[in-house]
There are 2 protein chains.
Amino acid sequence: MIKQEILDAFNFRHACKSFNAEKKISDEDFQFIMETARLSPSTFGSEPWHFLVVQDMEKRKALSGSFWGGDGKWQTASHLVFILARKEKDMTSGSKYLDHILKDVHGIPEEAVQQMTVFLKKFQEEDYKLTSREGAMTDWSVRQTYIPLANMMTSAALIGIDSCPMEGFNREDMDNILSSEFGFDKDEFTLACVAAFGYREKEPHAKSRQKMEDIVTYI
Amino acid sequence: MIKQEILDAFNFRHACKSFNAEKKISDEDFQFIMETARLSPSTFGSEPWHFLVVQDMEKRKALSGSFWGGDGKWQTASHLVFILARKEKDMTSGSKYLDHILKDVHGIPEEAVQQMTVFLKKFQEEDYKLTSREGAMTDWSVRQTYIPLANMMTSAALIGIDSCPMEGFNREDMDNILSSEFGFDKDEFTLACVAAFGYREKEPHAKSRQKMEDIVTYI
């Protein structure tokens, strides 16, 4: 692929403040964006995420009330995606969820799954210290969701679609709504971030970034 | 851009276990990959990262000793990138670093910077609760680094370059090495993740993922 075309897409992408409410993303294009999320890598291939696409305006309103920076985006975005991360219950070695992923998704035989579980337990407890404090496992999981978040924004930009990432919310409030209104188990899921997609209403400011030499060191 | 070509790149990308040690990424291609990292979005445009590209084999050895899954990758990768995240000292509202970013990088006038600092303080303390426990601010920052991590892997794949993300290391050990051997201030930086780049030695297994309907809910 032509590098300049890809860089153009990275320059095209910006945190779109307000979308053209009349212009909707086609199903085919949105499926393409979701496919790049689905194919995203994650720690141990665990895919510790769920994507809640909220198109019902009343439901959007209920969810956008307690998050910061949502402003009018929930009203104008063509597609609004809440990215949920899986918590301790699902991510701890030997969990029912990880067992399912290893056996049913990756097709790993029972005996090898048992070995991997021992291995993962050591990694989680000793190497990566994910059991050292409450919430560390969930933070690990939340971190992974920023990979599909990035990929969705990049793939959207590559086909001329705008996006806006949002993470400023009170997690406890949001998880309560996701549980009471949408039936997500609070022991299994927490809201990691939100991404809005659509088409820009106006052109953004020029992009500003640190210089390359200020962010990279070669040794 | 043609969607199928982009999806082909997402399918081409895999966690490359071992690289062809003879095949090096050209400077132009590596600069392209780094440019997609540089153009990546981050919370409040704070760019809370630094990329340490370790090409000296002795230095690679020193850094790879205490991280898990590094195996032979540090020996065969064309380019090995340690992604560092900025910590509390830099990321807390009103810090010298954020002041520099707002004023010198984004060119925001003094008065507006002061307003934004008040705003950010509220966000960090009340909304996002990043001051509620030690380390929460750093976790927030580490999370952001997974955006350039994803973008670097995706942009590499788009031009036929392989990669492997790694995060299994003892952070304390790594931060000590980054401080003693490379002069990074432990109060400012922590290792978030590592990405190796190069060209595959052999073809990977077929990719396995959950089905789309198992990871997405539409409302």
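Mentor: Helix axes are lines fitted to C-alpha atoms over the stretch in contact, and angles run from 0 to 180 degrees between N-to-C directions. The model is predicted: local features need pLDDT of at least 70 and side-chain atom pairs count only at pLDDT 80 or more, whereas totals for chains, interfaces and linings use all residues. Residues are numbered from 1 along each chain as its sequence is written, while chains are lettered from A and ligands numbered from 1 in the order in which they are written.

Trainee: Why are α1(A) and α8(A) called roughly perpendicular to each other?

Mentor: The axes of α1 (residues 3-12) and α8 (residues 136-158) of chain A come within 8 Å and cross at roughly 115°. Roughly perpendicular covers 65 to 115 degrees, against under 35 for roughly parallel, over 145 for roughly antiparallel and oblique for the rest. The two helices are therefore roughly perpendicular. Their crossing is right-handed, that is, the near helix is turned clockwise from the far one by less than a right angle, anticlockwise being left-handed.

Trainee: Which residues of α1(A) and α8(A) meet?

Mentor: From α1(A) come A:A9, A:F10 and A:F12, and from α8(A) come A:T154, A:A157 and A:L158; contact requires C-beta atoms, placed from the backbone, within 7 Å. This contact has five nonpolar, one polar and no charged residues. Nonpolar denotes Ala, Val, Leu, Ile, Met, Phe, Trp, Tyr, Cys and Pro, charged denotes Asp, Glu, Lys and Arg, and polar the others, Gly among them.

Trainee: What makes α1(B) roughly perpendicular to α8(B)?

Mentor: In chain B the axes of helices α1 and α8 also come within 8 Å and cross at roughly 115°, which makes these helices roughly perpendicular.

Trainee: How do you know how the two copies are related?

Mentor: Chain A can be laid on chain B by a turn of 180° and a shift of 0.0 Å along the axis, with an RMSD of 0.0 Å. The superposition is by least squares on C-alpha atoms of residues with pLDDT of at least 70 in both copies. The copies are thus related as by a two-fold rotation axis. A:R143 is the residue of chain A that comes closest to this axis, at 2.4 Å (C-alpha). The same surface serves both copies, since 98% of the contact residues of chain A recur in chain B.

Trainee: What makes β5(A) and β1(B) a pair?

Mentor: Strands pair if DSSP finds at least two bridges between them; β5(A) and β1(B) have three, in the parallel sense. There A:Y218 stands opposite B:V53. Within chain A, β1 and β2 (residues 79-86) pair in the antiparallel sense over five bridges, with A:V53 opposite A:V81.

Trainee: Why are β3 of chain A and β5 of chain B called edge strands?

Mentor: The open sheet of five strands runs β3(A)-β4(A)-β2(A)-β1(A)-β5(B), with mixed pairing. Its edge strands, β3 (162-166) of chain A and β5 (216-218) of chain B, each pair on one side only. Helix α8(A) lies across β1, β2, β3 and β4 of chain A, at about 10° to β4(A).

Notes. Helices (H or I, at least four residues) and strands (E, at least two) are DSSP runs, numbered from the N terminus. Two residues are in contact if their C-beta atoms, placed from the backbone, lie within 7 Å.
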